[in-house]
Amino acid sequence: MPRVNRILQHRNYEEFTEKNKQAEQKRIYCRHGSDHGLAVARIAYLYLLEKYIEDRDSLPGTGTNKASVRLEESYGLGKESIYAAGILHDIGRWVEYENQEDHALAGARLARPILKDCGFTEAEMEKIVLGISEHRLPPDQTSSILGQALALADDWARDCQSCSSKATCYKYTKAMEDILI
Ligand SMILES: [Fe+2]
Ligand SMILES: [Fe+2]
């Protein structure tokens, strides 16, 4: 995935990831480093592949059996766009620590120039930025399937079962310990 690799080496991505790291040095709950972004990217992609397989009978297709190709044709989301969204979804977290701006909105704003530099098209950028901006919504209230995938993957990427801070975590529920994907 050459464009995704370019994101990981982009100077702004590296800068914002470092800012998140510095801001979360003493955080006892989940942190938002590059490992979290990659975990969310992988889980969101798996979720969308599984969803496509469940939905495929009602979706348009071209006759190919390759799920990743038909996923792109059916939802307009290529693997690189899904990974880009996952990797970048929390890139604005440090902004929220600095001035309380919702990090989903800050992240959407900060992601766009990175995506442009890395070769994503306007149409791809629109979908990725919308998905990032919706990643904190309840998964059944997003307007985009990518936003829904990110919102679900964001929870599923957490290892709540072995977390020593779950007793006081606002995110934690017993259901968060269930492995779903
Ligand atoms: Fe987030
Ligand atoms: Fe996240």
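Let's start with isoleucine 114. Leaving aside residues up to four places away in sequence, isoleucine 114 touches Ile7, His10, Asn12, Tyr13, Phe16, Leu88 and Ile91. Contact here means heavy atoms within 4.5 Å.

A word on the basis. This is a predicted model, where local features need pLDDT of at least 70 and side-chain atom pairs count only at pLDDT 80 or more, while totals for chains, interfaces and linings use all residues. Residues are numbered from 1 along each chain as its sequence is written, chains are lettered from A and ligands numbered from 1 in the order in which they are written, and side-chain values use heavy atoms, with hydrogens and water left out.

Back to isoleucine 114. It is found in helix H7. Helices (H or I, at least four residues) and strands (E, at least two) are DSSP runs, numbered from the N terminus. Is isoleucine 114 buried or exposed? Isoleucine 114 is buried, at a relative accessible area of 0%. Buried means under 20% relative accessible area, exposed means over 50%, and partly exposed lies in between, using a 1.4 Å probe and protein chains only. Histidine 10 is 104 residues away from isoleucine 114 in sequence, yet their C-alpha atoms are 7.1 Å apart.

Now the metals. Which residues coordinate the iron ion (ligand 1)? They are Asp90 (OD), His103 (NE2) and His135 (NE2), at 2.1 to 2.2 Å. Donors are N, O and S atoms within 2.8 Å of the metal (3.2 Å for Na, K and Ca), and with water not among the atoms, sites may look incomplete. Along the chain, these donors follow the spacing D-x12-H-x31-H. Histidine 103 in helix H7 (residues 103–117) and histidine 135 in the loop between H8 and H9 are 32 residues apart, so the pair links distant parts of the chain. Histidine 103 and histidine 135 are both buried.

Next, the iron ion (ligand 2). Its protein donors are His36 (NE2), His89 (NE2), Asp90 (OD) and Asp154 (OD), lying 2.1 to 2.3 Å from it. What geometry does this site have? The site is irregular, with angles of 81 to 173° among its four donor atoms. Here is the rule: four donors count as tetrahedral if all angles lie between 85 and 135 degrees; four count as square planar and six as octahedral if opposite donors are over 155 degrees apart and all others between 65 and 115; anything else is irregular. For scale, ideal angles at a metal are 109.5 degrees for four tetrahedral donors, and 90 or 180 degrees for six octahedral ones.

Which residue bridges the two iron ions? Aspartate 90 does, and the iron ions (ligand 2 and ligand 1) lie 3.6 Å apart.

On to the helices. H9 (residues 145–156) has twelve residues and reaches 16 Å from its first C-alpha to its last, close to the 16 Å expected. That expected span is 1.5 Å times one less than the number of residues. Nine of the twelve residues of H9 are buried, so H9 is largely enclosed by the rest of the structure. Among them is Asp154, a donor of the iron ion (ligand 2). The cover over the buried residues of H9 includes H3, H5 and helix H8 (122–133). H5 is largely enclosed too, because nine of its ten residues are buried.

One more packing. The axes of H3 and helix H4 (residues 67–75) come within 10 Å and cross at roughly 80°. Axes are lines fitted to C-alpha atoms, for helices over the stretch in contact, with angles from 0 to 180 degrees between N-to-C directions. So H3 is roughly perpendicular to H4. Under 35 degrees counts as roughly parallel, over 145 as roughly antiparallel, 65 to 115 as roughly perpendicular, and the rest as oblique. Residues in this contact include Tyr45 and Leu48 of H3 and Arg70 and Leu71 of H4.

Last, glutamine 100. It lies in the loop between H6 and H7. At 63% relative accessibility, glutamine 100 is exposed.
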